[in-house]
Amino acid sequence: MTKQQTIHAVSKDARTMGSWDLFATWIGANANNGTWFIGGIIAATGLIQGSTLLLVVGCLSYVLLALASYMGYQTGVGAMGLTRASFGVKGSVLPSIINVVQFIGWAAVNTYIAATSVSFIIKEIMGWSGNDAATNRMSLIVGILIMSVLHLISISLGEKSVRWIERIGIILVIILVTWESIIVFKMVPFKDLVAWRPASNLRLEFGKAVDILAAFNLAWVTAAADFSRFSKKKAATGYSFLGANIGLFWFAFIGLTATIATAITLNHFDPNNADPSTIAAKLGLGVLALLVIVITSTTANAVNLMAAGSALTNIFPKFKLTPALWVVTLLATVMTFIPVYVASFLTTFETFLDSIGMFLGPEIAVFLVDYFIIRRRHYNVGALNEVAGPYWYTKGYHLTAMIAWVIGVVSYLVLNQFAIIHAYTGATFIAMGLTALVYWLMIQRKEKTI
């Protein structure tokens with residue numbers, strides 16, 4: 001039997017990532033600029049509703065992260081390699097392309113926000129005016145280039161350098177969040193934060209906020225196995241759940257409260273000013289806060305780039321992981337320049353979230369149902385590479401999974417046409433449930449006809 005270029009499972013004897021490493025990885029993945037910015041966007045729902053959303057949507061999303069993390073631990077195979085079983089050996093290229101695009105996109109988002117911090121520092125050192133468009137753009141471009149060099153360093157040794165970046169970064173994250181939390185709550189009384197409401201024209205609907213958070217959180221589900229496959233212990237899947245939730249609530253909550261504090265202090269709410277660099281500057285937190293924002297961006301992007309690089313190796317199996325990481329880092333650098341030349345970063349960011357959210361949920365529903373319900377937690381790892389093997393299906397594509405995925409995407413688009421969905425539930429989790437049900441029913445029908 002002929003074989004494609006093989007995916008190699010990490011043997012349990014060769015695994016070096018402890019539970020603390022995985023815990024720190026997922027805290028670091030969410031303790032970053034993008035999470036802060038998400039908190040700032042959710043501020044448009046108010047403090048109490050925004051906090052509730054962070055807890056509920058976070059826990060629901062990261063239960064799925066823990067399940068996907070278990071898959072990686074159990075098989076030793078990366079996330080996109082595992083989709084060969086559900087989508088087909090060749091069909092797995094489609095979710096892999098989405099992963100490459102989305103994680104390069106997330107890396108670009110974090111890089112842009114961190115580059116904003118660098119630009120503030122450069123203007124402070126050079127004494128440049130904050131109102132000059134030319135110097136603002138030049139300092140931002142320099143910031144992007146500096147951040148890109150730091151990201152190349154962070155992924156230079158593959159999984160090993162990522163692990164060390166996360167170990168160091170988690171300490172700096174704790175210092176930053178503790179310090180900035182104290183400053184924010186000193187500046188604005190907690191009762192004022194609770195009482196604040198945005199103007200009606202700026203208020204974010206509950207269901208829309210659910211979809212924004214879901215798109216943000218679910219992205220990590222499609223990368224979970226890329227890290228848990230290196231884990232020594234089964235309990236590490238639980239640490240993925242805890243780490244991701246702590247990182248999310250910790251950083252998004254400070255983004256939420258800092259954005260509201262800025263709105264109260266300046267008597268003006270602008271969601272475009274929700275990024276940590278702008279808030280740190282407007283609240284007068286100083287250059288040190290900006291430097292730590294830069295460092296936390298590096299820890300988060302180490303995870304983003306690792307996930308993108310791993311997905312790229314599934315598309316091009318002859319690519320080794322480290323060169324793949326260099327390629328995706330350079331592509332992320334190019335993408336980071338897009339918001340430099342658009343009017344509103346917030347608009348770009350929300351468009352990005354909408355575009356990936358409709359694909360991610362249905363994709364996740366298919367591969368989790370396939371592993372835990374259809375296959376009952378058993379994949380033949382060696383057969384993931386086989387032409388004409390059990391995961392070859394129809395010329396390398398599992399058409400049943402593809403159809404269920406398309407139905408899920410279409411249902412997401414249709415649901416988003418209803419005002420009641422925007423107001424109450426959001427479309428993401430309903431579309432996921434529908435996709436899971438459709439896929440399971442199609443498989444059951446197929447098995448009965450055999």
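Mentor: We'll go over confidence, then a pair of helices, then one more helix.

Trainee: What's the average pLDDT of the protein?
Mentor: This is a predicted model. The protein averages a pLDDT of 83. Of the residues, 85% score at least 70.

Trainee: Which elements have the lowest and the highest mean pLDDT?
Mentor: Helix α12, residues 276-282, is lowest, with a mean of 66. Helix α16, residues 399-415, is highest at 96.

Trainee: Where is the pLDDT below 50?
Mentor: Over residues 1-5. That stretch still has 18 contacts in the model beyond near neighbours in sequence. Where pLDDT is low, the predicted coordinates should not be read in detail.

Trainee: New topic. At what angle do α2 and α9 pack?
Mentor: About 175 degrees, with their axes 11 Å apart. Angles over 145 count as roughly antiparallel, so α2 and α9 are roughly antiparallel to each other.

Trainee: Which residues make that contact?
Mentor: From α2, Gly34, Thr35, Ile38, Ile41 and Ile42. From α9, Ala209, Ile212, Leu213 and Phe216. Seven of the contact residues are nonpolar, two are polar and none is charged.

Trainee: Is α9 mostly covered or uncovered?
Mentor: Mostly covered: 14 of its 16 residues are buried. From first C-alpha to last, α9 reaches 23 Å, close to the 22 Å expected.

Trainee: Back to α16. How many residues does it have?
Mentor: α16 has 17 residues and reaches 24 Å from its first C-alpha to its last.

Trainee: Which residues of α16 are buried?
Mentor: Among them are Trp405, Tyr412 and Leu415. Gly408 and Val409 are buried too.

Notes. Residues are numbered from 1 along each chain as its sequence is written. This is a predicted model: local features need pLDDT of at least 70, side-chain atom pairs count only at pLDDT 80 or more; totals for chains, interfaces and linings use all residues. Side-chain values use heavy atoms; hydrogens and water are left out. Axes are lines fitted to C-alpha atoms, for helices over the stretch in contact, and angles run from 0 to 180 degrees between N-to-C directions. Helices (H or I, at least four residues) and strands (E, at least two) are DSSP runs, numbered from the N terminus. Angles under 35 degrees count as roughly parallel, over 145 as roughly antiparallel, 65 to 115 as roughly perpendicular and the rest as oblique. Contact means heavy atoms within 4.5 Å. Ala, Val, Leu, Ile, Met, Phe, Trp, Tyr, Cys and Pro count as nonpolar, Asp, Glu, Lys and Arg as charged, and the others, Gly among them, as polar. The expected span of a helix is 1.5 Å times one less than its number of residues. Buried means under 20% relative accessible area, exposed over 50%, partly exposed in between (1.4 Å probe, protein chains only). pLDDT is the predictor's confidence in each residue, from 0 to 100.
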